[in-house]
Amino acid sequence: MTNELLIKSAIAHKTSTGLYFNGKSEDILQSEAMQGYKGKIQLILTSPPFPLNNKKKYGNLKEEAYLEWFTNLAPIFSQMLTDNGSIVIEIGNSWEDSRPVQSLLPLQSLMGFVSHANAGLRLIQEFISYNPSRLPSPAQWVTVNRIRTVDSYTRVWWIAKQDFPKADNSKVLRPYSKSMQKLLERGSYNSGKRPSEHNISKNSFLKDHGGSIAHNFFEIDGLDLDREPRLPNAFSFSNTSSNDFFSRQCKERGIIPHPARMPMGLAEFFIQYLTDPDDVVLDPFAGSNTTGYTAARLGRKWLSIDAKEDYAIQSRIRFEDPILSDGLQED
């Protein structure tokens, strides 16, 4: 079978704006048939298998094998990007086997990835995604031996080939706080030097920009009971929603959804922040294809890859959603 036919056989489904491939992402991305996409991907947005000690259904390597595999993804991803493109990777913490000690493997993986000699990458910024619904884990050290607190966040690394990748934070504004809304109505505030030594001019905060600039900490539940969390306008964040189209369809069909789906709001935030309509978004570890679905909904093109056929079936369900104009196409 020729390379082109091999890749064609790997297409699980397609729409007018995207393709979903079944296969190992390293093999698909390095195939001759994918060379036309080299240098044309604006955003690689993915949540790869985490460096866990327990085997998961979606597959995961351990320790040195994981580090080598993760590090060697860097040049493969880099060659796919436009010059001002971005890589955004969501990854969870891990713990040493049978020890109440947090593993350094995620951090070592980041260092290996951005330091790869053939990739030319750098870390632009780290984000933290706090999940208030996270089950108590690691269970042995949180609920059995109550000596650690709940591990409740994932890291999100924004990586690029240059210091100034395409980005516009005005696309992902947070709603103004009540105090800021009152300040804008009042048209005045206390200017001058702050304890932090920042010097605030008389007019710095009087222009209404439609919202405030997003933070790199996604606070889903308020940490301060007297203050409501203000998520960026891109967010409809919930990874436990059981009432969206995808979740309802999986339940009706007796399908168990992917156990580690990327939060929809996270995908929305970075796609709006780092791309424009018609840009191409790639998810090399797509699972049930939150990234591809979100990209299609936002008017971007998409490519998704996953090794498990079960997840391609779940991706098809997403594109049956009647709110999408970009429905499934048959050969």
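Close-up 1. At 35% relative accessibility, Arg-297 is classed as partly exposed, a category lying between buried (under 20% relative accessible area) and exposed (over 50%), as computed with a 1.4 Å probe on protein chains only. In this predicted model, local features need pLDDT of at least 70 and side-chain atom pairs count only at pLDDT 80 or more, whereas totals for chains, interfaces and linings use all residues. Residues are numbered from 1 along each chain as its sequence is written, and side-chain values use heavy atoms, with hydrogens and water left out. Arg-297 forms a salt bridge with Glu-268, with the closest N and O atoms 2.2 Å apart; the term denotes a side-chain nitrogen of Lys or Arg within 4 Å of a carboxyl oxygen of Asp or Glu. Arg-297 belongs to helix α10 (residues 290–297) and Glu-268 to helix α9 (residues 264–274), so the pair ties together parts that are 29 residues apart in sequence. Helices (H or I, at least four residues) and strands (E, at least two) are DSSP runs numbered from the N terminus. Glu-268 is buried, its relative accessible area being 5%.

**Close-up 2. The salt bridge between Glu-320 and Arg-253.** The two side chains meet at 2.5 Å, N to O. Because Glu-320 lies in the loop between α11 (309–318) and β12 (328–329), while Arg-253 lies in helix α8 (residues 245–253), the pair ties together parts that are 67 residues apart in sequence. Glu-320 is partly exposed, with a relative accessible area of 36%, and Arg-253 is also partly exposed, at 39%.

**Close-up 3. The salt bridge between Asp-163 and Arg-122.** The closest N and O atoms of Asp-163 and Arg-122 are 2.8 Å apart. Asp-163 is located in the loop between β6 (153–160) and α7 (178–186) and Arg-122 in strand β5 (residues 122–130), so this pair ties together parts that are 41 residues apart in sequence. Asp-163 is exposed, with a relative accessible area of 51%, whereas Arg-122 is partly exposed at 30%. A search of the whole structure finds 7 salt bridges.

Close-up 4. Ser-304 counts as buried, at 0% relative accessibility. Leaving aside neighbours within four places in sequence, the residues in contact with Ser-304 include Leu-19, Tyr-20, Phe-21 and Asp-283, contact meaning heavy atoms within 4.5 Å. The C-alpha atoms of Ser-304 and Gly-292, 12 residues apart along the chain, are separated by 6.4 Å.
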